[in-house]
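The sequence and the model are shown first.

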Amino acid sequence: MAIHGFKKRGRSITLNIEPAVNRDNQNNLNYSQNTFYRPGKSDSLAIQNQRQAINSNISNFGFKVSYTEPLAKKIGLVLSQGIKWQKNEMDRSIYQLGDEGTEVFDADLSTAYESNNSTSTSGLSIAYDGAKFRATVGASLIQYKLNNQLFDESVEFKYRGANILPTANLSYQITKYQRASLDVLPYLVQPAINQLQPVADYSNPLNVVIGNPNLKPALYNSINLGYTLIDPFKNIMVFTGLNYTIVQNQIQSAGQYQANGSQVNTFINANGNNMLRFYSQVKRSWMTPTVQKSITFGLNANQGHNTTSINGVNTISNSLDFSPSVIATYNYDNIIDVSQSYSPIINRIAYETDAIPKQNFVIQSLKTDLRITWPNVFQLDNSIGYNYNSQAPEGFKKGSLLWNANIGKELFRNKVGLIKLTVYDLLKQNNNVRRMAVGNIIEDTQSAVLQQYFMFSFTYKFSAK
């Protein structure tokens with residue numbers, strides 16, 4: 001970010017540039033056996049054995065220029081212009097594997113796809129800068145373009161649109177250490193490349209996914225009310241807020257059940273969706289010359305109202321996520337540093353149709369971090385985490401304990417070197433079990449991961465103070 005001030009007080013120009021590049025090359029083996037049942041007996045067996053070569057490139061570039069012109073002592077005019085470009089490229093090659101290790105390229109499931117989109121945001125607002133009250137109120141013109149191309153079939157899909165939306169930022173300094181704020185912020189979310197490419201993805205035969213190249217960007221209109229308290233004398237910090245978001249053209253899944261019970265899902269734009277979120281964090285610290293202690297209480301609660309399409313019929317799902325947390329820390333003279341945290345996540349999903357049962361599950365996480373530092377001798381770190389999923393299905397472990405540890409020693413006069421021996425998954429219990437709940441699908445997955453291993457490392461700092 002670059003800021004330039006002019007001779008006239010209050011006149012300034014700001015430039016912010018955001019480049020980003022992401023390259024991801026994958027070579028995956030996908031083997032699955034799925035047994036389908038009718039009441040009382042096995043109906044059929046589906047076996048899938050594939051190799052997937054997936055190469056994706058995502059390039060982003062954006063900038064924003066803001067100019068402020070003073071109109072009066074406390075009032076200014078703010079003009080802004082921001083542009084973002086994004087280019088997504090994906091090449092997915094699927095090979096069917098035979099019993100003797102043979103590979104056959106599957107042209108029907110393979111694709112090469114490119115998506116180019118741009119967003120232009122032009123803003124005009126009036127800013128007021130008072131002793132306690134500050135406000136910026138205006139409007140933004142958001143223009144967007146999408147250009148999607150499927151190379152295999154030389155098919156191109158284009159879309160453009162524009163919206164004018166209000167923006168506001170209000171802030172009031174209640175006391176020296178307390179502040180309240182109100183923000184109104186519209187923003188766009190472009191569809192991901194896997195949501196756009198119209199080729200079936202059979203990575204999960206029970207949930208086949210086909211993209212929709214005619215998707216529009218989702219437009220989020222967000223209102224956030226916040227409160228902040230930072231008291232350095234009482235060592236208390238409070239951050240709390242309430243956020244409400246209405247979404248136009250939200251990107252949702254639309255599923256079709258097959259005769260064997262599997263689903264074929266695509267993506268659609270849906271209206272009428274909204275989200276309500278409450279968040280709060282309270283931290284209290286105690287300090288002496290040798291001891292620092294703190295305790296932090298947190299709470300996140302999210303309520304969602306979403307449209308789900310099943311077999312061409314729209315149904316409403318209402319979700320509730322409730323996640324309290326507590327973190328306690330203790331530090332003695334930078335020799336012993338301990339952190340203990342606990343966070344349960346309570347999920348509930350209910351549907352307005354009786355055809356889909358309600359879903360309730362709880363995931364609990366407990367973590368301990370311990371660092372012992374003996375000056376000029378060694379540094380010992382331990383991190384122990386335990387996760388428990390109350391609704392893990394048969395065949396999945398409900399709990400897992402992950403213990404990582406390392407021991408290291410600083411080197412050289414200015415401590416610019418560090419040698420370290422690290423042990424990952426000391427107890428060999430990392431099972432990488434995850435639960436995902438989206439729309440009418442709850443999916444439990446367990447992925448093969450590298451378990452216990454040892455790593456020796458050397459780190460050198462080229463500049464140190």
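## Overall form

The chain exposes about 28,000 Å², and 56% of that area is supplied by carbon and sulfur atoms. The model is a predicted one. Taken along the principal axes, the box filled by the C-alpha atoms is roughly 75 × 60 × 50 Å.

In secondary structure, the chain comes to one helix and 25 strands. Of its 465 residues, 32% count as buried. Among the contacts in the chain with a separation of 6 or more, 57% are accounted for by residues 24 or more positions apart.

## Strand E4 and its partners

Strand E4, which covers residues 75–97, pairs with E6 in the antiparallel sense over 18 bridges. Within this pairing, Asn88 stands opposite Ser115 in E6. Strand E6 itself covers residues 111–129.

E4 also pairs with strand E5 (residues 103–105), again in the antiparallel sense, over three bridges. Here the bridge partner of Gln96 is Val104 in E5. The two strands E4 and E5 form a hairpin with five residues between them, and Gly101 in the turn has a positive phi of about 85°.

## The second largest pocket

The second largest pocket holds about 1,100 Å³ of space. It is lined by 39 residues, of which Lys64, Lys84, Thr121, Leu185 and Pro186 are the closest to its centre. By residue class, the lining divides into 17 nonpolar, 18 polar and four charged residues.

Which strand provides the largest share of the lining of this pocket? That share, seven residues, comes from E4. The strands that each supply at least two residues of the lining are E2 (12–38), E3 (41–70), E4 (75–97), E6 (111–129), E7 (133–150), E8 (155–173) and E9 (178–189).

## Two asparagines with positive phi

Most residues other than glycine have a negative phi. Asn235 has a positive value, near 55°. This asparagine is found in the loop between strand E11 (218–231) and strand E12 (236–248).

Leaving aside neighbours within four places in sequence, Val238 is in contact with Tyr227, Thr228, Leu229, Gln281 and Val282. Gln281 is 43 residues from Val238 along the chain, and the C-alpha atoms of the two are separated by 5.7 Å.

Thr308 has its place in strand E16 (residues 291–310). With a relative accessible area of 1%, Thr308 is therefore buried. Thr308 and Tyr342 are 34 residues apart along the chain, and their C-alpha atoms are separated by 33 Å.

Technical notes
Residues numbered from 1 in each chain as written. Predicted model: local features only at pLDDT ≥ 70, side-chain atom pairs only at ≥ 80, totals over all residues. Heavy atoms only, no water. 1 Å grid on protein atoms, 1.4 Å probe; cavity = no way out; pocket = protein on both sides within 12 Å on 5 of 7 lines; lining within 4 Å. Points joined across faces, edges and corners; volume = space filled by probe spheres on them. Helix = DSSP H or I, 4+ residues; strand = E, 2+ residues; numbered from the N terminus. Nonpolar A, V, L, I, M, F, W, Y, C, P; charged D, E, K, R; others polar. Buried < 20%, exposed > 50% of the residue type's maximum accessible area, 1.4 Å probe, protein only. Contact = heavy atoms within 4.5 Å. Areas by Shrake-Rupley, 256 points an atom, 1.4 Å probe, with all protein chains shown as cover. Pairing = 2+ DSSP bridges.
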